[in-house]
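The sequence and the model come next.

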Amino acid sequence: MTILIKNANEVITFKSVAQGPRIKEQMQDVAIIPYGSVLIENDRIVAIGPFTQLEVDYPDLLTVAEVIDATGKVVMPGLVDCHTHLVHGGTREQEFNMRLNGSTYMDIMNAGGGIHATTKQTREASFDELYGKTLRHLDVFLKHGITTVEAKSGYGLDWENERKQLEVAKKLHATHAIDIVSTFMGAHAVPRDYKGREDEFVDILVDDMLPKVAELGLAEFNDVFCEKGVFTPEQSRRILEAGKALQLTPKIHADEIEPYKGAELAAEVGAISAEHLLVASDEGIQKMAATGTIAVLLPGTAFFLRAPFARGRLMIDEGVPVAISTDFNPGSSPTMSLPFIMNLACMHMGMTLEEVLTATTINAAYALNRGHQIGSLEVGKQADVIMLDVANYKQLQYFYGMNHTHTVIKNGRIVVQDGILL
Ligand code: NIG
Ligand code: FE
């Protein structure tokens, strides 16, 4: 199929062709093609530029192309949501209400709620129930312009149920328009019945679960919740090194609630990213800059837990490549609106409009090791393209808290039109 998106008010690209995630002023490097067009053939981007140029270069393709009129709209790469806890049973609005009435997130978790409550509901849910629930969530993501989603396991906490979560993600990757990238996160919490025997659970992760995940090819990344009362930096290091030996790339939930030298650990183990970083230390930030570890910042979690926001501005100024994401999960960030998260990054982390575009496209793609395939409108890249019903990209955050997604093209196929899922 050939598609021509014609005469957009703005087509968003990047000025530089930097390899790797963008840092410092490169994150500011958004380029606009006014009255631009994008030509797509099958699943690839063939050309980007003014229509008059495309007419000269591709006369034959244009005669067969389905034309999408983008007059008055913005065209940009599909958003990449690089940190979610996508597959899970149940919801936790009662805990939200408890927090509004004074309980803390960690109090609730230590009393058997939080991640433990969702683990119970995820274990109780059948494969088909989880599949159906997650499919509905993916439809919402897609309608918000997200074309690739990372999915962490970590609500099974035993092999049978971790596997169930990963298999649900695998099947949905095959059946749903959205691409899903899987991360094993068996180290999301220590199961309640291992209290006092935490290292035994680490043994199971290292000796049993990680090798099975690798053997079955169920994940590309291995993530750990390195947090006081969850996994220590030493335990986290052991789990991440074990994954590395099996070709599972490390990621870390680092310095989310209390400073714990998680950012430092991420740099030391060669993690592709450290995520959350609400209370990361100056030294940790400098180490990440030196190693090029991507900071995946999740301002929705700070917003929803009423916690301090990560120091995004400082991280960018120090040279850390920054990506931002929803952290979609039933406890600390139950939203599928990455555009709203972009707004929080502008309002509460001192990031510019251009930086948040970079952070949710090309840098997020690099956090998933896919920067060469997705995350920007470039000739030869996968045709994941969205069209937004705003006159310019600044309006995307100016008209905040609304969904402006008009059309979504995934892998060269129109999957959302006029806001409606096809
Ligand atoms: O990223 N920090 C750990 N995990 C999630 C929350 C999970 C939950 O509350 O269910 C997070 O914030
Ligand atoms: Fe998370």
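Rings of Phe, Tyr and Trp (its six-membered ring) are taken to pair if their centres lie within 6.5 Å, and a pair counts as stacked with planes under 30 degrees apart, as edge-to-face over 60 degrees and as tilted for the rest. By that rule, ring pairs link Tyr 194, Phe 201 and Phe 231 into a cluster.

This is a predicted model, in which local features need pLDDT of at least 70 and side-chain atom pairs count only at pLDDT 80 or more, whereas totals for chains, interfaces and linings use all residues. Residues are numbered from 1 along each chain as its sequence is written, chains are lettered from A and ligands numbered from 1 in the order in which they are written, and side-chain values use heavy atoms, with hydrogens and water left out.

**Aromatic rings and charges**

A search of the whole structure finds 7 aromatic pairs. One of them joins Tyr 398 and Phe 399 edge-to-face, at 4.8 Å centre to centre and with 70° between the planes. Tyr 398 is exposed, with a relative accessible area of 59%, while Phe 399 is partly exposed at 35%; here buried means under 20% relative accessible area, exposed over 50% and partly exposed in between, for a 1.4 Å probe and protein chains only.

A charge is said to sit over a ring if NZ of Lys or CZ of Arg is within 6 Å of the ring centre and within 35 degrees of the ring normal. The table gives two such cases.

| Charged residue | Ring | Distance from ring centre |
|---|---|---|
| Lys 6 | Phe 51 | 4.2 Å |
| Arg 22 | Phe 14 | 5.0 Å |

**Helix packing**

Helices (H or I, at least four residues) and strands (E, at least two) are DSSP runs numbered from the N terminus. Helix 7 (residues 159–175) and helix 8 (residues 198–216) pack at an angle of about 30°, with their axes 11 Å apart, where axes are lines fitted to C-alpha atoms over the stretch in contact and angles run from 0 to 180 degrees between N-to-C directions. The contact (heavy atoms within 4.5 Å) involves residues of both helices, including Trp 159 and Leu 166 of helix 7 and Met 209 and Leu 216 of helix 8.

**Positive phi angles**

Most residues other than glycine have a negative phi. Asn 42 has a positive phi near 50° and lies in the loop between strand 2 (30–41) and strand 3 (44–50), where Asn 42 is partly exposed at 47% relative accessibility. His 276, with a positive phi of about 85°, is found in strand 11 (residues 273–276) and is buried, with a relative accessible area of 1%.
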